[in-house]
Amino acid sequence: MAVQTVAGNATTAPVDLGPAAALSCRECGERFELGPLFACASCFGPLEVAYDLPTGSPEELRKRIEAGPDNIWRYAPLLPVPSDVVEKPNINPGFTKLVKADNLARELGVTGGLYVKDDSGNPTHSFKDRVVAIAVEAARAFGFTTLSCSSTGNLAGAVGAAAARAGLRSCVFIPHDLEQGKVVMAAVYGGELVGIEGNYDDVNRFCSELIGDPLGEGWGFVNVNLRPYYGEGSKTLAYEICEQLGWRLPDQIVIPIASGSQLTKIDKGLQELIKLGLVEDRPYKIFGAQAEGCSPVSAAFKAGHDVVRPQKPNTIAKSLAIGNPADGPYVLDIARRTGGAVEDVTDEQVVEAIKLLARTEGIFGETAGGVTLGVTKKLIEAGVIDPTLTTVVVNTGDGLKTLDAVSATSQATATIKPSLDAFRAAGLGTA
Ligand SMILES: *Cc1c(COP(=O)(O)O)cnc(C)c1O
C-alpha cells in the first residue's frame, strides 16, 4: 500500500507555530520539519508534534496561563499555534464547565468526588471545536485555502464554523445517513457538505484518495494531513480539567473513543503538566468508552490483544462509529500502562445514561456522552472504577444533535386544555 506522506501545496518557508519544534514519529522517533505531513517517511508510523516547552518556574507559567483568555488560547505556550493566535479570527473554544456532579455521585455511590467535563458548551456544541481551532492555525501557516475533513458528524460542523470565521472555503464529508441535527449543523455555516454513500471508514478512505489527487490540491484535511496538529487540541481538555481541579490530577478519567485521538492526547497533556511541574506527579487511570455496536478497542482490550481488529459499526452512537480506529493500539497502551480499562455498553444503556445525566445534573449529552457515562456506571458496578477516588467523566457533545436517541421516551407528561380543571384532572397539581 502506498502511504501518502506529503500532501497539498504547502509553503516551504519555515512556519511559526509557537513552541512546536518539529514532527516526530510515534513509532521510530524520526523527526521532520513542521509541515502538512502525517506519516513517517521511514516507517509509516503516525507523526506527532514535538515541542520546545517553556522553561522557567511552574509558578510563573501557572500565573501566565491564569492571566490568559477564558478559552484554549490560555494554553498557547503549550500548543502548536503562533504567538499572536488570540488576535486572529477564530471560534475560541474551550474553558468549558467542570461540573461537580454530586447528585449523580449519590446515585452511583461515588464518594471521592465525581465531575462532568461538559464540552457541549463549545461553540458548535462538541469537543471537536478544540481540535479544529488548532488545525485552522496549521492550515493558515501552510497556506491551505480550503478546509476539509472526514467526519462522523460533529467534526463537519466544527470545520464549517471555524472556516466561516477564518474566511476559508470549506468542503466536508460525512456518511450520508447521519442524524438530522448533525447534518444541519454541518451545512448551516455555508460551506460545502457532501454525504458519502457508506460508513465513516468509507468516507475516510475516500478523503485519503482525494488528498493524493489534483482535485484536493490546496486542501487542509483537519484529521488527515493536518492530523498531528489537530490532535494537539485535545490536550486542552487535560489542561482544563487539572486547572479547574486546582492544578491537580484527577485519579480516574473516563473518555469516549472514536478514532482514539482524544484519549491519547488527553494522556499526552497530563504527562506534559507533570513534566512542567504544573501538577504533582501522582498515578492516574484512563478509561476508554465505546458502544457495543462499535467496540473494536474494547474487544481488543478484553481479549488482551495489542492489535485492533476492525468492525462494521452498528450503533446509535454515530459520533463514535469508527470501525477501524487509527489510534486504537495507542489507546490500549495507555489503558494498560495507567491501570485503566476499555469497556462498552449497549445502545439501551446509552439511552439510560443520557437520561440519568439529564435527570441528575441538568446536562443533556449526546449519545457519546451516554456511552461514556454508561461505561462509567458499568465499571463502578464491576469494581473497576474506585468510587472513593476523584473521577472525571468527559461529556463530549450536545444532546440536541441526537434527539432521536431519547425522543420516543421523552415527551410531554400530559397535553391538556388551558384550565385548572384540566390540570387537576391530569393529577399534576399540589392539591
Ligand atoms: C469525535 C468525537 C469523539 C471522539 O473522537 P476521537 O476520534 O476518539 O478523538 C467523542 N465524542 C464526540 C461527541 C465526538 O464527536
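In this predicted model, the side chain of Lys117 makes a polar contact with the side chain of Glu240, at 2.7 Å. Lys117 belongs to strand β5, which covers residues 114-118. Its relative accessible area is 0%, so Lys117 is buried. Have a look at Lys100 too: 17 residues separate it from Lys117 in sequence, and the two C-alpha atoms are 8.9 Å apart in space.

Ser148 counts as buried because its relative accessibility is 0%, and the cut-off for buried is under 20%. What does Ser148 touch, leaving aside residues up to four places away in sequence? The list runs through Val159, then Cys171, Val172 and Phe173, and then Trp219, Gly220, Phe221 and Val222.

Now for the ligand. There are 15 residues around it, and the ones that come nearest are Lys128, Ser259, Gly260, Gln262 and Thr396.

| Residue | Protein atom | Distance to a ligand oxygen atom |
|---|---|---|
| Lys128 | polar side-chain atom | 2.8 Å |
| Asn154 | side-chain N or O atom | 2.9 Å |
| Ala258 | backbone N or O atom | 2.9 Å |

How much of the ligand does the protein bury? On its own, the ligand exposes 380 Å², and the protein buries 98% of that. The space that the ligand takes up is also the largest cavity.

Most residues other than glycine have a negative phi. Phe44 isn't a glycine, yet its phi is positive, near 70°. You'll find Phe44 in the loop that links β2 (31-32) to β3 (47-51). Is Phe44 buried, exposed or partly exposed? It counts as partly exposed, because its relative accessibility is 48%, between the 20% and 50% cut-offs.

Trp247 is the other one to check: its phi is about 55°, again positive, although Trp247 is not a glycine. This residue lies in a loop as well, the one between α8 (235-244) and β10 (252-256). Trp247 has a relative accessibility of 12%, so it counts as buried.

Notes: Residues are numbered from 1 along each chain as its sequence is written. This is a predicted model: local features need pLDDT of at least 70, side-chain atom pairs count only at pLDDT 80 or more; totals for chains, interfaces and linings use all residues. Side-chain values use heavy atoms; hydrogens and water are left out. Buried means under 20% relative accessible area, exposed over 50%, partly exposed in between (1.4 Å probe, protein chains only). Contact means heavy atoms within 4.5 Å. A residue is near a molecule or strand if one of its heavy atoms lies within 4 Å of it. A polar contact is a pair of N or O atoms within 3.5 Å; within protein, one must be able to donate a hydrogen and the other to accept it, and residues adjacent in sequence count only if both atoms are side-chain atoms. Accessible areas come from the Shrake-Rupley method with a 1.4 Å probe; for residues, only the protein chains shown count as cover. On a 1 Å grid over the protein atoms alone, a cavity is a set of points where a 1.4 Å probe fits but cannot get out, and a pocket is an open set with protein on both sides within 12 Å along at least five of seven lines; lining residues have an atom within 4 Å of a point. A molecule sits in a cavity or pocket if more than half of its atoms lie within 2 Å of its grid points. Helices (H or I, at least four residues) and strands (E, at least two) are DSSP runs, numbered from the N terminus.
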